[in-house]
Amino acid sequence: MVTLNVRTSERNQLVDITDQVGKAVRESGISNGTCLVYIPHTTAGVTINENADPTVKRDILMMLGKLVPVSREFRHAEGNSDAHIKATLVGSAVRVIIESGDLVLGTWQGIFFCEFDGPRSRRVHIQISSN
Ligand code: ZN
């Protein structure tokens with residue numbers, strides 16, 4: 001397992017980690033297999049989406065904020081239930097195919113660490129398996 005450290009700077013933020021994940025894959029020496037990207041946090045997640053036009057990540061965060069507003073009805077005393085719910089909606093893991101030693105991603109796809117309760121120092125676990 002490889003662990004990346006991600007330092008976020010906003011409460012809600014999508015951080016493109018495609019290059020770091022690709023580097024971990026290349027350094028593993030595994031040519032064909034799968035790469036699991038797992039987030040060990042309850043108020044952050046991971047997703048694959050467009051990394052070409054930055055307005056896409058802005059729109060994703062804007063609409064997640066509308067879907068899950070901060071509510072007085074939340075009972076969780078920490079005051080960050082919106083972040084917990086967003087993390088559950090986005091999910092804690094993605095799996096990507098590895099072929100010829102590199103990630104198989106679509107032209108416009110990137111892997112994003114999703115921060116919902118930053119700024120914080122976060123971890124991303126990567127497990128690379130061969131076929
Ligand atoms: Zn909490």
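Is Glu-115 buried or exposed? Glu-115 is buried, with a relative accessible area of 0%; here buried means under 20% relative accessible area, exposed over 50% and partly exposed in between (1.4 Å probe, protein chains only). Welcome to a predicted model, in which local features need pLDDT of at least 70 and side-chain atom pairs count only at pLDDT 80 or more, while totals for chains, interfaces and linings use all residues. Residues are numbered from 1 along each chain as its sequence is written, and side-chain values use heavy atoms, with hydrogens and water left out.

**Zinc site**

- Four residues supply the protein donors of the zinc ion: His-76 (NE2), Glu-78 (OE), Asn-80 (OD1) and His-84 (NE2), at 1.9 to 2.2 Å from the ion.
- Donors are N, O and S atoms within 2.8 Å of the metal (3.2 Å for Na, K and Ca); water is not among the atoms, so sites may look incomplete.
- Along the sequence, the donor residues of the zinc ion follow the spacing H-x1-E-x1-N-x3-H.
- The arrangement is irregular because the four donor atoms subtend angles of 90 to 150° around the zinc ion.
- For reference, four donors count as tetrahedral if all angles lie between 85 and 135 degrees; four count as square planar and six as octahedral if opposite donors are over 155 degrees apart and all others between 65 and 115; anything else is irregular.
- Glu-78 is exposed, at 54% relative accessible area, whereas His-84 is partly exposed, at 22%.

**Salt bridges**

- The structure holds seven salt bridges, each defined as a side-chain nitrogen of Lys or Arg within 4 Å of a carboxyl oxygen of Asp or Glu.
- One of them pairs Arg-11 with Asp-82, with 2.8 Å between the closest N and O atoms.
- Arg-11 sits in the loop between β1 (2-7) and β2 (13-16) and Asp-82 in helix α3 (residues 81-90), so this pair ties together parts 71 residues apart in sequence.
- Helices (H or I, at least four residues) and strands (E, at least two) are DSSP runs, numbered from the N terminus.
- Asp-82 is buried at 2% relative accessibility, while Arg-11 is partly exposed at 29%.
- Arg-11 also meets Asp-117 in a salt bridge (3.2 Å, N to O).
- Because Asp-117 lies in the loop between β7 (109-115) and β8 (121-130) and Arg-11 in the loop between β1 and β2, the pair ties together parts that are 106 residues apart in sequence.
- Asp-117 counts as buried, at 13% relative accessibility.
- Glu-115 pairs with Arg-122, the closest N and O atoms being 2.7 Å apart, and Arg-122 is buried at 2% relative accessibility.
- Salt bridges with shared partners join Arg-11, Asp-82, Asp-117 and Arg-120 into one network.

**Helix α3**

- Ser-81, Asp-82, Ala-83, Lys-86 and Ala-87 are buried in α3.
- Their cover includes β4 (44-50) and α2 (54-67), where contact means heavy atoms within 4.5 Å.
- Gly-91, with a positive phi near 100°, follows α3.

**Backbone details**

- Most residues other than glycine have a negative phi, and most peptide bonds are trans.
- Ser-100, a residue other than glycine, has a positive phi near 50°.
- Ser-100 belongs to the loop between β5 (93-99) and β6 (102-103) and is exposed, at 66% relative accessibility.
- Gly-118 and Pro-119 are joined by a cis peptide bond, with omega about -5°; Pro-119 is in the loop between β7 and β8.
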